[in-house]
Amino acid sequence: MAALAAWRGAIEAAVDPATGTPTGAGTFLFRSLARRGYGERMSPAAVRRVVAERAANADPLAAGFTGHSLRVGAAQDLLAAGVDLAGLMQAGRWKSPQMPARYTERLRATRGAVAQVRRARGAADT
């Protein structure tokens, strides 16, 4: 959270090199930067490229990590925090339940009826 606050402060204090005016905090956390100055936001393709490059640089085994991995991880984190399917769909802007269900299937399996019975039997045996 401290790093995020510092980044937001840096964005707010930044001066657009093309216009010489302060950029302000704006709506978007990540912005594009070109010779003509700061953009309002990075394109989805640029975000995917940066995420994939940074993951691969941080850990060579993370070469399969993509920008889309962030959506999968967010869905799993929301489910783990107790958010229901409607909330997942709203957060991810999904129109049908198929994708959030697919993204969270392994986590949901640990909470399913069979897993609950196994845990209950294991607790009774000890």
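## Terms and basis of the model

Two residues are in contact when they have heavy atoms within 4.5 Å of each other. Helices (H or I, at least four residues) and strands (E, at least two) are DSSP runs, numbered from the N terminus.

The structure is a predicted model, in which local features need pLDDT of at least 70 and side-chain atom pairs count only at pLDDT 80 or more, while totals for chains, interfaces and linings use all residues. Residues are numbered from 1 along each chain as its sequence is written, and side-chain values use heavy atoms, with hydrogens and water left out.

## Overall organisation

The protein contains 7 helices and 2 strands, arranged along the sequence in the pattern α-β-β-α-α-α-α-α-α. Of its 126 residues, 17% count as buried; buried means under 20% relative accessible area, exposed over 50%, and partly exposed in between (1.4 Å probe, protein chains only). Among contacts between residues at least 6 apart in sequence, 16% join residues at least 24 apart.

The buried residues of helix H4 are Gly 87, Leu 88, Met 89 and Gly 92, and they pack against H3 and H5. A nonpolar core is a set of buried Ala, Val, Leu, Ile, Met, Phe, Trp, Tyr and Cys residues joined through side-chain atoms within 4.5 Å. The largest such core has 6 residues: Ala 75, Leu 79, Leu 88, Met 89, Trp 94 and Tyr 103. Helix H3 (68-80) and helix H4 (85-92) each supply at least two residues of this core.

Leu 88 lies in H4 and counts as buried because its relative accessibility is 3%. Leaving out residues up to four places away in sequence, Leu 88 touches Ala 75, Leu 78, Leu 79, Val 83, Trp 94, Pro 100 and Thr 104. With the neighbours within four places again set aside, Leu 79 is in contact with Leu 88, Thr 104, Leu 107, Arg 108 and Arg 111.

## Thr 104 between two helices

Thr 104 occupies the loop between helix H5 (98-103) and helix H6 (105-109). Its relative accessibility is 1%, and Thr 104 therefore counts as buried. Beyond residues up to four places away in sequence, Thr 104 touches Ala 75, Gln 76, Leu 79 and Leu 88.

A polar atom of the Thr 104 side chain lies 2.7 Å from the backbone oxygen of Pro 100.

Most residues other than glycine have a negative phi. Arg 93 is exposed because its relative accessible area is 70%.

## The largest pocket

On a 1 Å grid over the protein atoms alone, a pocket is an open set of points where a 1.4 Å probe fits, with protein on both sides within 12 Å along at least five of seven lines; lining residues have an atom within 4 Å of a point. The largest pocket holds about 420 Å³ of space, a volume being the space filled by probe spheres set on the points.

This pocket is lined by 15 residues, of which Gly 67, Leu 70, Arg 71, Ala 74 and Arg 93 lie nearest its centre. Helix H2 (44-58), H3 and H4 are the elements that give two or more residues to the lining, and H3 gives the most, with 6 residues. By class, the lining has 9 nonpolar, 3 polar and 3 charged residues. Here Ala, Val, Leu, Ile, Met, Phe, Trp, Tyr, Cys and Pro count as nonpolar, Asp, Glu, Lys and Arg as charged, and the others, Gly among them, as polar.

Terms used
Polar contact = N/O pair within 3.5 Å; in protein donor to acceptor, adjacent residues only side chain to side chain.
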